[in-house]
Amino acid sequence: MSGEKLVGIVLVSHSAEVAASVAELAKGLAGGATAVPVAPAGGTEGGGLGTSAELISAAAASVDRGAGVAVLTDLGSAVLTVKALLAEGDELPDGTRLVDAPFVEGAVAAVVTSAAGADLDAVEAAAVEAYSYRKV
C-alpha cells in the first residue's frame, strides 16, 4: 500500500490530550493503520483548552496526501473554526471536508476506511454511519 494516496484524517478537539488520545485509539483499533495519515489538532498554541485555526491548518497540511482530508470535531467552536477555515478557501488543502460524525466512533471508522484505500466520500460515509452505532 505504500505510495497509495490515502485520505488524511484531522481530529479537532478543545483538548490537546483528547485529540491525541482519540488519534492513538483510532489507529490502534484499526490494527495499527500506520500508513493512514492522522493528526490531532487540539487545544490552543499555549496548551490551553480551546481551538486554534493555526493548529488545524498545520494538521490538515501534514496529513494531505492528495486524496482529501476528513476533519472530525468535538464541539461547538471546533466546528465553527473549521467552517471558517473552509470559507477562507486557502487555509486548508484542496479536498478538505468537515465530516458530521461522532468524534470517537467516527474517527475509528474514518481511519479503518482510509486504511482500506477508500476515497473521501467513503471515509465520510463510514464516519457518518457511526451515528447509528447502538450501545444498548
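To start with, what does Ala59 count as, buried or exposed?

A: Ala59 counts as buried, because its relative accessibility is 5%. The cut-offs are under 20% relative accessible area for buried and over 50% for exposed, with partly exposed in between (1.4 Å probe, protein chains only). The model is predicted, so local features need pLDDT of at least 70 and side-chain atom pairs pLDDT 80 or more, while totals for chains, interfaces and linings use all residues. Residues are numbered from 1 along each chain as its sequence is written, and side-chain values use heavy atoms, without hydrogens and water.

Ala59 belongs to helix α2. Helices (H or I, at least four residues) and strands (E, at least two) are DSSP runs numbered from the N terminus. Setting aside residues up to four places away in sequence, Ala59 touches Val10, Ala39, Pro40 and Ala41; contact means heavy atoms within 4.5 Å.

Helix α2 itself covers residues 53–63 and packs against helix α3, residues 76–88, with the axes 10 Å apart and an angle of about 65°. Axes are lines fitted to C-alpha atoms, for helices over the stretch in contact, and angles run from 0 to 180 degrees between N-to-C directions. The crossing of α2 and α3 is right-handed, a term for the near helix being turned clockwise from the far one by less than a right angle (anticlockwise is left-handed). On the α2 side the contact is made by Ala53, Ile56 and Ser57, and on the α3 side by Thr81, Val82 and Leu85. Sorted by class, the residues of this contact are 4 nonpolar, 2 polar and no charged. Here Ala, Val, Leu, Ile, Met, Phe, Trp, Tyr, Cys and Pro count as nonpolar, Asp, Glu, Lys and Arg as charged, and the others, Gly among them, as polar.

Helix α3 also holds Ala78, which counts as buried because its relative accessibility is 0%. Beyond its neighbours within four places in sequence, Ala78 is in contact with Val12, His14, Thr51 and Thr73. His14 is 64 residues from Ala78 in sequence, yet the two are 6.9 Å apart in space, C-alpha to C-alpha.

Next come the nonpolar cores, sets of buried Ala, Val, Leu, Ile, Met, Phe, Trp, Tyr and Cys residues joined through side-chain atoms within 4.5 Å. The largest one has 24 residues, and Ile9, Leu11, Ala70 and Leu72 have the most contacts inside it. At least two residues of this core come from each of β1 (8–13), α1, β3 (69–73), α4 and α5 (120–129). Helix α4 gives the most, 6 residues. Another core lies apart from this one and has 14 residues, including Val12, Val63, Leu85 and Leu92. Leu72 touches, among others outside four places in sequence, Ile9, Val10, Leu11, Val12, Phe103, Ala107 and Ala127.

Helix α4 has contacts with two other helices described here. With α1 (residues 16–29), α4 (residues 103–115) crosses at roughly 45°, and the axes come within 8 Å. The two are therefore oblique to each other; the angle classes are roughly parallel under 35 degrees, roughly antiparallel over 145, roughly perpendicular from 65 to 115, and oblique for the rest. This crossing is right-handed. Val18, Val22, Leu25, Ala26, Lys27 and Leu29 in α1 meet Phe103, Val104, Ala107, Val108 and Val111 in α4. That contact has 10 nonpolar, no polar and 1 charged residues.

With α5, the axis of α4 comes within 7 Å and crosses at roughly 150°, which makes α4 roughly antiparallel to α5. Gly106, Ala109, Ala110, Thr113 and Ser114 of α4 contact Ala122, Val123, Ala126 and Ala127 of α5. The classes here are 6 nonpolar, 3 polar and no charged residues. Thr113, in α4, counts as buried because its relative accessibility is 17%. Outside four places in sequence, Thr113 is in contact with Ala118, Ala122, Val123 and Ala126.

Asp100 sits in the loop between β4 (96–98) and α4. Leaving out residues up to four places away in sequence, Asp100 touches Val128 and Tyr131.
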